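User: Hi! Could you walk me through this structure? Here it is.

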Amino acid sequence: MLEHVVNGLVLGGTYALVAMGLTIQYGIARIMNLSFGDTIIAACFGTYVLFSTLQINPILALAVVVPLGYAASLLIYRVIMKPLVDRAPSDGALEVDSILVTFGLLFAIQGVLLIFFGGGYTSYSFLNTPVNVLGTAVAGNRLLALGLSLVIAAVLVLVLYRSRWGMMLRAVALAPQSAPLFGIDTDRAARTAFAIGGALAATGGVVVSMFQTFTATGGVVFTMKALIVVILGGKGSVPGAIVAGLLLGLVETFVAAYVDPGLTLAAVYTVFLVLLLVRPNGLFGKA
Amino acid sequence: MTMKPSIAFPVAAAVLAVLAAAPLFIPDYWTGVLLGMTGYVTLATAWALFSGPTRYVSLATVAFFGVGAYVVAVLNEALPYPLVLLSAAGIGMILALAVGLSTLRLAGVYFVIFTFGLAELVRQTVSWWEVNITYTMGRYVFLPFEGRHIYWQLLALAAVTLLISWAIGRSRLGLALKAIGDDEVVAAHAGIDVTRVKLLLFVISATLITLVGAIQAPRWTYIEPSIVFNPTVSFMTLIMALLGGPMRLWGPALGAIPLFLLFEWLSVSFPDHFSIILGLLFILIVFVMPQGVLAKIDDIRKGGRA
C-alpha cells in the first residue's frame with residue numbers, strides 16, 4: 001500500500017513538473033503545444049546518450065539538456081509561432097493554428113528520433129539501489145526524481161508568485177490586452193513563457209528517463225497526460241497543475257496495482273471525463 | 001466548382017462511371033493505388049464535413065477508422081457481410097455519440113484534446129480486451145474480395161459522402177454550421193441549438209470514417225491494434241483536407257488526390273524520413289495556405305482582377 005503511494009507520488013511529481021511547463025505555455029504564450037511530449041522524449045534520449053556514451057550523470061545532464069530545451073523552444077517560438085501569433089485575428093484562430101502547426105511538429109520530431117534511435121524501448125540503469133522509506137523499499141532513482149520535481153516546482157512557484165518578473169508573466173496570462181498598458185512587453189513575456197515551458201519539458205524528460213523506459217513514439221501519451229493535468233488543474237494555474245499531477249500519478253499507480261496495468265490510460269481518461277462534466281474549469285480554475 | 005447542378009450532376013455521374021470501370025482495364029497495382037486514394041478522398045471529405053465549418057479540429061480519425069476495421073475483423077466469420085458493415089457503422093456511431101456528448105458542450109479545445117488521445121485510448125483498450133478477455137492478439141479477415149471489389153465499395157461510399165456534404169451545404173443545417181464556425185455565441189442567440197447541430201454532424205462524419213475502415217479491412221487480411229490504429233492515418237486525413245480547403249465541397253478531395261500520390265512515392269523512396277517530411281510539409285501548408293488551395297486560387301484570381 002505505502003509502496004504504491006510512494007510510487008504514485010513519484011509518477012505524479014513528474015506529471016506535475018511537465019504539466020507546469022505546458023500550463024505556462026498555454027496560459028501565458030497561448031500556444032496549445034501538441035509536440036510537448038516529444039520534447040520530453042527528445043530530452044530522455046539526450047540524457048540517455050550523455051549517460052551511455054560520455055558517462056555523464058543525469059543530474060549533471062540537466063545542466064546541458066535544460067538550457068538546450070530552453071534555446072530550442074525559443075527558436076521554435078521565434079521561427080514558427082511568432083508569425084502565427086501576428087497573423088491570428090483572434091485567440092480562437094491562434095488556438096487552431098497552433099494546434100495544427102504543433103501537430104506537424106510532433107511528427108517531425110518523432111521522425112528525427114526514429115532515425116537516430118529506432119522504434120524500440122530504451123532505458124538505462126542509474127542509481128537503481130533500493131532505499132528504505134518507512135519500511136518499504138523504493139528505488140533510489142525514483143526518490144531522486146520525486147525530490148527533483150518538488151524542488152523545481154517549489155522554485156517555480158516562488159519565482160512566479162514572489163518576484164516582479166513572475167508577476168509580469170501572470171499579468172500577461174490574466175489580461176493580455178491590458179498588460180501592455182502597464183509597460184509590459186507581452187511579446188517578450190510570451191516568448192519567455194514558451195521557452196520556460198520547453199525547459200520544463202526537458203527537465204521532465206531527464207527526470208523521467210532515470211526510472212522509466214521510453215520510445216521515440218511515446219510522446220503522444222506524455223502530451224495527453226500533461227494536457228489532462230493542465231485541464232484538471234485549471235488552465236494556466238501552476239498550483240493546480242501540481243495538485244492534479246500528483247492526483248493523476250496516484251490514480252494511475254493504484255489502477256495499475258489493483259486493477260490492471262493495461263487500463264491506466266482508460267482510468268486517466270475516466271477521471272478527465274468525470275471532471276469535465278462536474279467542473280469544466282478545472283479544480284483551481286475560475287468560472 | 002460553381003457549375004449549375006443540372007450540368008454538375010451528369011458530369012459527376014460520368015466521372016464516377018469512368019472511375020468504376022477503371023479496374024477492368026488497368027493493372028492490379030494501379031487499382032490498389034486508386035483504392036487507397038478513394039479511401040483518403042472519403043476520409044478527408046468526411047472529416048471536413050464536421051471539422052471544416054465548425055473549426056473543431058478532430059484528431060481522432062484513426063480511432064473511428066480502426067474501430068471499423070476491427071469490428072470487421074471480429075465479426076467477419078460470425079455474420080453476413082452487410083450485417084458486419086452495419087454493425088461497424090453502429091458501433092462507430094455509438095462511440096461518436098459518447099465522445100460528442102461528453103465534449104461538444106464545452107469549449108472547442110477540450111474536444112481537440114480529447115480526440116488527440118482517443119486513438120491511443122481505444123488502441124490500448126482493444127489490446128487489453130484481446131489479451132485479457134478473448135486471449136487473442138491479432139485476427140484474420142477472410143472475405144472473398146479482391147482489390148477491385150473493395151475499390152467499388154469505397155467509390156460508392158465516396159460518392160455518398162460527397163452527396164451528403166453537398167446536401168448539408170445547401171440545407172439549413174449547413175447554414176447553422178457556418179454560423180457556429182463564425183461565432184458560436186451569435187449562433188446560439190440566433191436560435192440554433194449549437195450542441196445538437198455539432199453532435200449530429202460529428203456523428204455523421206465519424207460513422208462515414210468508421211465505414212471506410214470497415215470496408216478497407218479485408219485489404220490487410222491480418223489485423224492487430226497497432227496496424228489499424230496507426231496515427232499517420234489521422235495526420236494524413238487532416239493534412240489532405242487542409243491542403244484542399246476544408247470549407248469547400250471538393251476541397252478535401254482535391255487535396256487528397258495529389259497528396260496521396262506524393263505520399264505513395266515518398267513512403268517508397270524515403271521510408272525512414274517519411275514522418276519528418278510529412279511533418280514539415282504539414283507545417284508549410286498551415287503557413288502558406290491556411291484556407292486551402294481552392295481559396296488561394298480564388299485569392300489570386302481576385303488579386304489579378306483588382
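Analyst: Happy to. One term before we start: contact means heavy atoms within 4.5 Å. This is a predicted model, where local features need pLDDT of at least 70, side-chain atom pairs count only at pLDDT 80 or more, and totals for chains, interfaces and linings use all residues. Side-chain values use heavy atoms, with hydrogens and water left out.

User: Thanks! What is Leu118(B) in contact with, leaving aside neighbours within four places in sequence?

Analyst: Tyr269(A) from the other chain, along with Ala60(B), Ala63(B), Phe64(B) and Val99(B). Leu118(B) also stands out in the largest nonpolar core, where Leu118(B) and Phe103(A) touch the most other members of the 195 residues. Such a core is a set of buried Ala, Val, Leu, Ile, Met, Phe, Trp, Tyr and Cys residues joined through side-chain atoms within 4.5 Å. Buried means under 20% relative accessible area, exposed over 50%, and partly exposed in between, using a 1.4 Å probe and protein chains only.

User: And which helix gives the largest share of this core?

Analyst: Helix α7 of chain A, residues 186-211, with 14 residues. Helices here are DSSP runs (H or I, at least four residues), as are strands (E, at least two), numbered from the N terminus.

User: Switching topic: how many aromatic pairs are there over all chains?

Analyst: The count is 30. Rings of Phe, Tyr and Trp (its six-membered ring) pair if their centres lie within 6.5 Å; planes under 30 degrees apart are stacked, over 60 edge-to-face, and the rest tilted. One of the pairs is Phe107(A) with Phe235(B), stacked at 3.8 Å centre to centre with 5° between the planes. That pair crosses between chains, from helix α4 (residues 91-117) of chain A to helix α11 (residues 232-244) of chain B.

User: Are those two buried or exposed?

Analyst: Phe107(A) is buried, at 5% relative accessible area, and Phe235(B) is buried at 0%. An edge-to-face example is Phe64(B) with Phe202(B), at 5.9 Å centre to centre and 80° between the planes. Phe64(B) sits in helix α3 (residues 61-75) of chain B and Phe202(B) in helix α9 (residues 194-216) of chain B, 138 residues apart.

User: Now the interface: how many residues of chain B are in contact with chain A?

Analyst: 37 residues of chain B, against 42 residues of chain A. The two chains bury about 3,400 Å² between them, 81% of it on carbon and sulfur atoms. Buried area is the accessible area (1.4 Å probe) that two parts lose on being put together, summed over both. Ile113(B), Phe116(B) and Phe287(B) supply 20% of the area that chain B buries against chain A, more than any other three residues.

User: How many salt bridges between chain B and chain A?

Analyst: The count is 0, taking a salt bridge as a side-chain nitrogen of Lys or Arg within 4 Å of a carboxyl oxygen of Asp or Glu.

User: Last one: where is Arg30(A) found?

Analyst: In the loop between α1 (2-27) and α2 (36-54) of chain A. Phi of Arg30(A) is near 60°, a positive value in a residue other than glycine, and Arg30(A) counts as buried at 18% relative accessibility. Arg55(B) also has phi near 60°; Arg55(B) lies in the loop between α2 (28-54) and α3 of chain B and is partly exposed at 40%.

How values were computed: Residues are numbered from 1 along each chain as its sequence is written. Chains are lettered from A and ligands numbered from 1 in the order in which they are written.
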